[in-house]
Amino acid sequence: MTNLPKDPWDLRKVLREIKDNSEDYHETDLEIDPDAEISGVYRYIGAGGTVERPTKEGPAMMFNNLKGFDNTRVLIGLMASRKRVGRILHHDYKTLGRFLKDAVENPVHPVKVDKKDAPVQEVVHLATDPDFDIRKLVPAPTNTEYDAGPYITCGLVKGSNPDKTMTDVTIHRMVLEDKDTLGMYIMPGGRHIGHFQKEFEKLNKPMPITINIGLDPAVTIGATFEPPTTPLGYDELDVAGALRQEPVQLVDAVSVEESSLARSEYVLEGYIMPNQTMQEDINTNSGFAMPEFPGYNGPANPAVNVVKITAVTHRKDNPIMQSVIGPSEEHVSMAGIPTEASILELVDKAIPGKVVNVYNPPAGGGKLMTIMQIHKDNPADEGIQRQAAILAFGAFKELKTVWLVDEDVDIFDMNDVVWTMNTHFQADQDFIGIPGMRNHPLDPSERPQYDPKSIRVKGMSSKTIVDGTVPFDMKDQFIRAKFKEVPDWEKYLK
């Protein structure tokens, strides 16, 4: 054991820091139904992202009065604003990608604590208890009236390989199917939890896991890295430790041979069963799972992994169920910022000094689109921008569109970015399509019937580069109008 900080980082510490800022936080005691109503309300208040309009950026919301659940709360939208994420991580929101890149390269490993120092184990419910039912213990919301059921959308799955030499944390969509059963969708390829699970299946053994809910965003965002930035064997909890310069605290689970995050609000313990699957929407037969980041209702999977829950532990004092709307800007923060870090990690090595900054905007859900700000020093740099785009595709295989812009463009202002397409761009030479590549299977255009010449199987895509940079030898013809600098301009608003 190690000496523990007096005020360690967790979700409650984050909320204490932001609760007095109305732009960041709002809570209500009005009764609300977790079945579709929470997301229905928050859609108007602060979801953003690719959610159906009308929506907007707004504060995180804490719902204190849940229909059917006493003495518990639901938090939604904590990360649904990049500026708020910057404030939470105590860093400039415009350079969060580099902040995370540096954290990956300077890991701080987790530490194990005693059960007495683990608030998430203050209350323990075992599956052997006569009235055990996760549907009554865990206030998981449904996003829409068509969801396959209540979903855990912000649960960090922690698991290890069979010989316990490697461990990993990953976020998956998980639906509450029965009193002790979850359906978990593990996307094929690339996820380390899936790799470990396949090893357990070969041994025909159940894989012990913990599902950790209600976390410091440093943990949640740091856990969403993917290969090649965090290769097999890299524990993404090291990223959160580096971001906070404080190790994440772990505790031994009460019912499985795995550890959980000691300062979570809820933990579900259990096993991914070997060689077992089930219909995701077995209780509704709606055909839908839940809304996913591209903005569409994800189709229910006919064969999700079966997770048998052996215990639920949680804090004693009004535990917080943290939830995410799949297409909201919260997903953009969770998926997009680590993707920016992955791209920067690769381009900084291959073409140092040429990519100033990277932003994965809400229009791509954090995964499908990136904007790269390019620096050209001399005529020999012409073309380096397109090399950067190719590197971005290599850093993250699910990326579909790369937009290249110059240093005078604000990459966080989509009007400024699209302006380049109208003034710096000729489609016959600055639009590059690369057919027949792999992409994210949740993009509904990636079907053979949409483009039979290039898409042989679902999940293939043509990728796009939009080169909105000015040719170096013509830069003097593309100088933006200069306005007088007035340092005290704000006095005119008083």
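Strand β3 (residues 73-76) runs parallel to β18, and four bridges join the two. Strands here are DSSP runs of E with at least two residues, helices are runs of H or I with at least four, and both are numbered from the N terminus. Two strands count as paired if DSSP finds at least two bridges between them. Strands of a sheet pair through backbone hydrogen bonds, either parallel or antiparallel. V74 has M321 as its bridge partner in β18. In that strand (residues 320-323), M321 and S323 point one way while I320 and Q322 point the other, and all are buried. Buried means under 20% relative accessible area, exposed means over 50%, and partly exposed covers what lies in between (1.4 Å probe, protein chains only).

The model is a predicted one: local features need pLDDT of at least 70, side-chain atom pairs count only at pLDDT 80 or more, and totals for chains, interfaces and linings use all residues. Residues are numbered from 1 along each chain as its sequence is written, and side-chain values use heavy atoms, with hydrogens and water left out.

Next up is an open sheet of three strands, ordered β4-β12-β13 with mixed pairing. Its edges are β4 (111-112) and β13 (259-261); each has a single partner strand, so one side of each has no neighbour in the sheet. Two bridges pair β4 with β12 (residues 249-252) in the parallel sense, and K112 sits opposite L250 in β12.

What about D163? This residue is found in the loop between β7 (155-160) and β8 (167-171). D163 counts as exposed because its relative accessibility is 52%. Its side chain makes polar contacts with the side chains of N161 (2.8 Å) and T165 (2.8 Å). A polar contact is a pair of N or O atoms within 3.5 Å; within protein, one must be able to donate a hydrogen and the other to accept it, and residues adjacent in sequence count only if both atoms are side-chain atoms. F200 is 37 residues away from D163 along the chain, with 10.0 Å between their C-alpha atoms.

Finally, there is the region taken from a record. UniProt, in an unreviewed entry, places the feature "domain: 3-octaprenyl-4-hydroxybenzoate carboxy-lyase-like C-terminal" at residues 334-467. UniProt positions follow the numbering used here, feature names are shortened, and annotations may be inferred rather than shown by experiment. The span of residues 334-467 is 32% helix and 24% strand, and its end C-alpha atoms lie 27 Å apart.
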